[in-house]
Amino acid sequence: MTSTISIPTLADLPAILALWHQTDIYHQQLDPVYYTPSSKSESRHVEEYISRAITDHNPELRIAVAEGKTVGFVTFEYGEADYFDTNIQRYIEIIELFVDPSARKSGVASALVDAAENFAREHQVPFLKLQMSAKNTLASEFYARQGFTHRQSLLFKPVGE
């Protein structure tokens, strides 16, 4: 499946929101302790977030279109370390990446990561960063193939009341 990566317009909003809804469901099934179920208030927040990304490029947003259908998206933004004891001070952080199941294993996800990497290169930002669920083994394997390496771990422990 050949896809084209582009900067979306507001006309693309419904298709992006439909994909976002799929990622919500996926995350909720993956780790219901961490991820909240979808709600109307969350849906409004997501629509505002995606609309802002389209109109203000905050965060940056790219979509993948194949055969006239939006099949994936990636959001990313500039980031800076809030600590002083690391060599990785500036980066582009991939916030969300999702590909419709029908388009997986066709290079769409790689093309979306490449779009974020090209943006970083064009803006002379030396690193890409992302956070993902430790339970998402498919994503972990994909990102390893893309050249990402583990640097830190984010841990949580429930505490009784």
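A salt bridge here is a side-chain nitrogen of Lys or Arg within 4 Å of a carboxyl oxygen of Asp or Glu. Keep that cut-off in mind for the first stop. The model on screen is predicted.

**Stop 1: D31.** Select D31. It sits in the loop between α1 (13-30) and α2 (40-56). D31 is buried, yet it has no salt bridge.

Stop 2: Switch to a cartoon view. Find the open sheet of five strands, in the order β1-β2-β3-β4-β5, with mixed pairing. Its edge strands are β1 (4-6) and β5, each pairing on one side only. From one strand to the next, the twist averages 30°.

**Stop 3: strand β4.** Select residues 90-99. This is β4, mostly covered, with eight of its ten residues buried. On one side, select β3 (residues 69-80), which pairs with β4 in the antiparallel sense over nine bridges. Pick out two partners: E80 with R90, and Y78 with I92. Then select β5 (residues 128-130), which pairs with β4 in the parallel sense over three bridges. Here E93 stands opposite K129.

**Stop 4: the helices.** Together, β4, α3 and β5 make a right-handed β-α-β unit. Finish with α1, which lies across β2 (60-66), β3 and β4. Helix α1 runs at about 75° to β3.

Notes:
Residues numbered from 1 in each chain as written. Predicted model: local features only at pLDDT ≥ 70, side-chain atom pairs only at ≥ 80, totals over all residues. Heavy atoms only, no water. Helix = DSSP H or I, 4+ residues; strand = E, 2+ residues; numbered from the N terminus. Buried < 20%, exposed > 50% of the residue type's maximum accessible area, 1.4 Å probe, protein only. Lys, Arg positive; Asp, Glu negative; His and termini not counted. Pairing = 2+ DSSP bridges. Right-handed = clockwise from strand over helix to strand, strands pointing away. Axes fitted to C-alpha atoms, helices over the stretch in contact; angles between N-to-C directions. Contact = heavy atoms within 4.5 Å.
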